[in-house]
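Here are a few exercises to work through with the model open beside you. Try each one before reading its solution.

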Amino acid sequence: MTGARRRLWPQHLLKGIAMVRRTLVLTTLIAVAAAYSVEPVKTQSRPSTSVVLYEGARLISGDGSQPIASSAMLVENGMITRVGAKGSVTAPAGASRVDLTGKTVMPTLINGHGHPGFQRGLTYSADNLTRENIMDDLNRALYFGVAAVQSQGIEKGEVMYEIRADQEAGRLGGARLHIAGRGIGAPNAGPGGAAYAGIAYEVTTEGQARQAVQELAAKKVNVVKIWVDDRNGRAPRLSPNVYRAVVDEGHKHGLPVNAHVFYHTDTVDLVNAGINAIVHLVRDKEMDDALVASIVQHNVYVMPNLSGEWGTYAELPHWLKDGDPLMTLLQESASPPVIARMKKGYESRDPAAVERGRTGYAILQRSLAKLARANAKVTLGCDTGLQDHLFGMSEQRELESMVKAGMTPMQVVVAATSRPAEYLKLDKMGVLAAGKEADFLVLDANPLDDITNTQRISRIYMKGAEVDRASLRPSLTRTSTN
Ligand SMILES: [Zn+2]
């Protein structure tokens, strides 16, 4: 308080003001404490302010270039300022050094297709779309090395917009959330599950479609999502004139338009219509050469969504067995009843169902192999957040499935780092190079030898600050009571 003010206020009033101030400070402290107590755990949201030279690791930049066998990466205030061979990068005076000899560093993963917030413990419902539960999913993603997630269009209310704003302001950590808001489908032919009822726009005319896109643009969504599917004959699918209106209106507002697809014939037309990404592979048949060529020519991002692979196992898969690196991560980050249910799904499996699963899945594998050979823009996207398709675990699974389908580990690394960063316009993420944020994984083994080595995580850095993974475990593994 200034002297001038002091003279204007009698002593007893000043005392009163001081008391009010103390009360205000106390109230604010309590409010802040309360706000933080509903946050699962505050993960790093602010950049490190230090200058650090990371030396000796094999460095996979994420852009597809050859790895540097023994690298040096200088990080200043959370940003990468130099990358080169060890010995070629001089650290400024006062910089600290971190010896990563024997480790591999690569960018953090980015997932183009997720649905955070629906699952809480064993329950799966739109009622779970709370700030706390969505943050659990984003923290779980980060625990497995996933630093950004595009939610694909079943977002209810304002909560995800608030989370995105708080992350952008540096007030909140977790994997960075990008949103599509309410996606657009034909009546009863939008998102599939009961939990998603009433969330998406249901449109039948071009006018309604344009109106929906205008509302989404006003809310500054990152992408527009549409569903073009009849849901196994349940309802007529979005008609071509309507989805063309969405694409046109989206592009007028500078928004990429992404499509859920099922049928080959729809996909051919959507690619011609200027769709920017298809967030599933075609599922009724293998993609023909003409479609693959058209996807390449139109620069369409393609998300494989290979979790159908989970249905091809007749018995418990290796990644749900104790000691497997993925199972270890899962045990550190998911509640025991959820893991038990995942395992139970593999007890006494019906051989006919397994066979059907394998036949359907083989179609996806063949399409993906073709796309990879044609250098299509394959992008990590795996419908994370469906029931028991847990964040982090699903993305890590997807990488192995992509390799098994015929992609090289290097193609998969690109598909999971620089390419989704390009797709999501996260221009400071996805590549380890000067001018990018220091978002990277330190791995105990080389994922180019075996892609599952992305699960052998030693440390995770976001903006140069190490993610305190141990502090995330209690909230992620707690067993919810409902
Ligand atoms: Zn989805």
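The radius of gyration used below is taken over C-alpha atoms, and the globule rule is 2.2 Å times the number of residues to the power 0.38. Keep in mind that this is a predicted model.

**Exercise 1.** Find out how the radius of gyration of the chain agrees with that of a compact globule.

*Solution.* Start with the rule: for 482 residues, a compact globule would have a radius of gyration near 23 Å. The chain has 24 Å, which agrees. Next, look at the extents: the C-alpha trace spans about 85 × 60 × 50 Å along its principal axes. Finally, turn to the interior, where buried residues make up 47% of the chain.

**Exercise 2.** Work out which residues of helix H15 are buried and where they lie around the helix axis.

*Solution.* First list the buried residues of H15 (residues 469-477): Arg469, Leu472 and Leu476. Seen down the axis, they fall within an arc of 50°, so they line one face of the helix. An α-helix has 3.6 residues a turn, so residues three or four places apart point the same way. Now check the other side of H15, where Ala470 and Pro474 are exposed. Last, find the partners: the buried residues pack against helix H3 (131-143), helix H9 (325-333) and strand S20 (457-462).

**Exercise 3.** Trace the open sheet that has five strands, and name its edge strands.

*Solution.* Follow the order S2-S6-S19-S20-S21, noting that the pairing is mixed. The edges are strand S2 (58-59) and strand S21 (465-466), each pairing on one side only. Then zoom in on S2, which pairs with strand S6 (residues 104-107) in the parallel sense over two bridges. Here Arg58 stands opposite Thr104 in S6.

Notes
Residues are numbered from 1 along each chain as its sequence is written. This is a predicted model: local features need pLDDT of at least 70, side-chain atom pairs count only at pLDDT 80 or more; totals for chains, interfaces and linings use all residues. A residue is buried if 20 or more other C-beta atoms lie within 10 Å of its own, exposed if 12 or fewer, and partly exposed in between; C-beta atoms are placed from the backbone. Helices (H or I, at least four residues) and strands (E, at least two) are DSSP runs, numbered from the N terminus. The arc is that of the directions from the helix axis to the C-beta atoms. Two residues are in contact if their C-beta atoms, placed from the backbone, lie within 7 Å. Two strands pair if DSSP finds at least two bridges between them.
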